[in-house]
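Hello,

Here is the structure you are taking over. My notes on it follow below the display.

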Amino acid sequence: MSHSEISSPRYAAKMRNNAKIHCGTCGTNFYLDETDSPPFCSERCKLVDLNRWMHEEISLPHEGGPGELDDPSSSDIAH
Ligand SMILES: [Zn+2]
């Protein structure tokens, strides 16, 4: 038995900020301390996601979108 076990690398690794994150843009699993742009794996992925949100907001069809998004009540009246 020795006291060196407490300061072993394996023990130190547990103290590390090693929360694993799933990048919502590219699907990569990475550690929080590996990125400059949490919660994304990279600045690029952050911008891609931001762009996607903005684009969706602008291009979201106000009415008469792709088939299934139609308001059922309005088509009821038409019948
Ligand atoms: Zn990513």
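What pLDDT does the protein chain average? The model is predicted, so local features need pLDDT of at least 70, side-chain atom pairs count only at pLDDT 80 or more, and totals for chains, interfaces and linings use all residues. Residues are numbered from 1 along each chain as its sequence is written. The average is 76, and 53% of the residues score at least 70; pLDDT is the predictor's confidence in each residue, from 0 to 100.

The protein chain has three helices and two strands, in the order α-β-β-α-α along the sequence. Helices (H or I, at least four residues) and strands (E, at least two) are DSSP runs, numbered from the N terminus. Mean confidence is lowest in helix α1 (residues 9–15), at 55, and highest in strand β2 (residues 29–31), at 94. Where pLDDT is low, the predicted coordinates should not be read in detail.

Of the 79 residues in the protein chain, 5% count as buried. A residue is buried if 20 or more other C-beta atoms lie within 10 Å of its own, exposed if 12 or fewer, and partly exposed in between, with C-beta atoms placed from the backbone.

Helix α2 (residues 43–59) has 17 residues and spans 24 Å from first C-alpha to last, close to the expected 24 Å, which is 1.5 Å times one less than its number of residues. One of the 17 residues of α2 is buried, so the helix lies largely in the open.

Gly-27 sits in the loop between β1 (20–22) and β2. Gly-27 is exposed because 9 other C-beta atoms lie within 10 Å. From Gly-27 to Cys-41 is 14 residues in sequence and 9.0 Å in space, C-alpha to C-alpha.

Regards
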